[in-house]
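Student: I am new to this structure and would like to learn how to read its charged pairs and its backbone angles. Could you walk me through them?

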Amino acid sequence: MGRETELKLALAEHGWRAFSRHPLLRQAVTAPQTHTLRNLYFDTPDFRLREQRAALRLRRVGRRWLQTVKCASAASAGLSSRPEWEQPFTGLFDFSQVDDAALRRLLEGLRDRGLLTQVFETNFERREWRFSAGDGELLLMADRGMIEAAGRRDSISELELELAGAPIETLLDLADTLVRSLPLRAESRSKAQRGYALIEDKPCQPVRATRSPVDPHGGARDAFRAVALDCIQHYQANEVGALQSDAPEFVHQMRVALRRLRSALRLFTPALPEGMAADLALPLRALAGDLGELRDRDVLQSELLAPVLAHDAAENLHALDSALHATRQQVRDRVQKALQDGRQARLMMALLRALHDLPPDDEGNLRTLAHKRMARAHARMVDGCRHAADGDIGALHALRIDIKRLRYAIEFFAPLLGPRKTKRAIGALMQAQEDLGFLNDLSQAGPRLLAAAGDDPDLVAAVALIARHHLPRYRKIVSDAPKLLKRLSRMPLPR
C-alpha cells in the first residue's frame with residue numbers, strides 16, 4: 001500500500017500563461033514530462049464504493065493501463081493524505097494487493113457479481129515537474145481538461161503538488177511560492193467527487209457547522225487544530241456553492257466559518273505560540289471583509305425587503321428591489337473575483353503552515369483552558385449586559401458580539417460539558433443573537449436603502465414601507481431587552 005499526500009490548487013483560466021513563465025519551474029531537476037491521460041472511474045449503479053469512501057480507477061498512460069484503488073480522506077485547504085493501491089491492469093480487475101481486508105472483500109464481491117460499471121471519465125493533459133527536496137522528490141502536476149459524466153462536462157484547471165519521499169514542509173514551501181503570484185484557490189474536491197456531482201446534477205446545498213471535533217481527552221493544541229481544520233472544511237464546503245450559485249446562504253455560511261475560526265484563535269491564544277493568533281487574524285479579517293458587503297446586501301433583499309414584497313406587491317417596492325439587485329450584482333462580481341485571485345489560497349497555506357508547525361501538546365491542559373476561557377467570555381457578556389442596560393443600539397450590537405463569542409466557546413468545548421445544560425445555553429444564546437442581530441440589521445439598513453432610493457420619491461416611500469413593516473418586531477425586541485439582559489446576566493455556564 002502506498003500513501004498519497006497531495007495539495008490541490010484550482011488555477012483560474014487566465015493564470016495559465018503566468019504559470020508557464022513562473023521562475024519556480026526552472027528549478028525542476030528534469031525537463032517537464034507531458035502526458036495525455038484518460039481515466040475511467042468504476043462503481044456500482046447505486047454507488048456502493050462512494051458510500052464506502054473508496055474509488056476505483058483505470059488510467060491509460062500511453063499504451064499502458066493502470067488500476068488504482070483509493071480510500072477517500074477529508075481534504076482541508078486542499079491538502080489530503082490517503083492510502084492507494086496502484087498496479088498494471090491486465091484486462092481483469094485484480095484486488096489481491098489491497099491489504100485493507102474489508103475493502104478487498106467488498107471490491108472482490110462487487111467484481112464477482114458483475115456489479116462494477118463505468119460511471120464517468122476524465123480526460124486531461126498533464127505536465128509534470130520533479131523537484132529535489134530533502135531525501136526525496138516533490139512532484140508538481142498541471143492538469144487541463146474535462147470531466148465527463150451523464151452527458152455533462154466540467155473543466156479541469158488545477159495544479160497538484162504531491163510528495164514523493166520529501167517532507168511535507170517542502171510541499172508547503174513550494175505552495176507558498178506559487179500562491180504568492182498566481183490566481184489560485186485551495187480546492188477541497190477531488191476529480192472523483194466532481195464526477196459524482198455531475199452524475200447527480202443536483203444543486204449544491206449550504207453546509208452548516210457540525211458538532212465540535214474536540215477530543216475531551218486530548219490537549220489544547222490538538223483541540224485547536226481539530227477546530228481550525230473543521231472551520232476550514234466548513235468554509236470550503238460552502239465556497240463551492242458560492243462560486244456556482246447566487247443563493248445568499250452560501251456566503252453567510254462562509255462568513256460563519258471565518259468568524260468561528262477567528263473566535264477559535266482568540267479562545268485558544270494562551271495555548272498557541274506567541275504571535276500566531278495575531279499573524280492569522282489579519283488575513284482572516286480581510287477575507288471576511290470581502291464577503292461582508294455581499295452578506296449585507298443579501299440581508300437587505302432576502303430578510304428585510306422580501307417579507308414586505310410577500311405582503312405588498314407595490315410597484316415602488318419592485319423598483320427598489322431592482323435597484324438593490326443591480327448594486328448587489330456588482331458586489332457579487334467583486335467577491336467572485338476575490339475568491340479566485342489568490343487571497344484564499346494564501347490564507348489557506350498560512351493556516352496549514354501554522355497548524356503543521358504547532359509544537360507538541362501539553363497533556364492535561366484542555367479542561368483548565370476551557371473553563372478559564374468560557375468564564376472570561378461569560379464575564380464579558382455580563383459586563384456587556386450592564387453597558388446595554390439603557391437600550392443604546394451600539395451597546396446592544398457590542399453585546400451581540402459578546403454573546404456570539406460565548407456561544408462559539410461553548411460549542412467548541414461542548415464535548416467537555418454536560419449535554420443538557422450545554423444545549424439549553426446554546427439555544428438561549430442563539431435566540432438572543434438572532435433578536436439583537438435583527439436590531440443591528442435594521443439600524444444598518446436605513447442608510448443603504450436610502451442610498452439605493454436616491455432622490456426618487458417613490459423609492460423613498462418604498463423604504464418607509466419596509467421600516468413600517470418591521471417596526472412592530474423592532475419595538476418588541478427593544479421593549480423586551482431589559483428581560484433579555486436580566487436572563488443573560490443570570491445564565492449559568494454549563495459544566
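Tutor: A salt bridge here is a side-chain nitrogen of Lys or Arg within 4 Å of a carboxyl oxygen of Asp or Glu. Keep in mind that this is a predicted model, where local features need pLDDT of at least 70 and side-chain atom pairs count only at pLDDT 80 or more, while totals for chains, interfaces and linings use all residues. Residues are numbered from 1 along each chain as its sequence is written, and side-chain values use heavy atoms, with hydrogens and water left out.

Student: Are Glu6 and Lys8 buried or exposed?

Tutor: Buried means under 20% relative accessible area, exposed over 50%, and partly exposed in between, using a 1.4 Å probe and protein chains only. Glu6 has a relative accessible area of 3%, so it is buried. Lys8 is buried as well, at 5%.

Student: Which residues are linked in a network of salt bridges?

Tutor: Glu6 and Lys8 both belong to that network, and other members include Lys70, Arg126, Asp154 and Arg194. The structure as a whole holds 42 salt bridges.

Student: Which parts of the chain does the pair Asp176 and Arg353 link?

Tutor: First the contact: the closest N and O atoms of the salt bridge between Asp176 and Arg353 are 3.0 Å apart. This pair links distant parts of the chain, with Asp176 in helix H4 (residues 168-179) and Arg353 in helix H10 (residues 343-356), 177 residues apart. Helices (H or I, at least four residues) and strands (E, at least two) are DSSP runs, numbered from the N terminus.

Student: And where do Asp480 and Lys476 sit?

Tutor: Both are in helix H14 (residues 457-490); because they are four residues apart there, about one helical turn separates them. Asp480 is partly exposed at 28% relative accessibility, whereas Lys476 is exposed at 51%.

Student: Now the backbone. What is the phi of Phe47?

Tutor: Phi of Phe47 is near 60°, a positive value in a residue other than glycine. Phe47 lies in the loop between strand E2 (33-43) and helix H2 (48-51), and it counts as buried at 13% relative accessibility. Ala150, not a glycine either, has a positive phi of about 50°. Look for Ala150 in the loop between strand E7 (136-149) and strand E8 (152-164).
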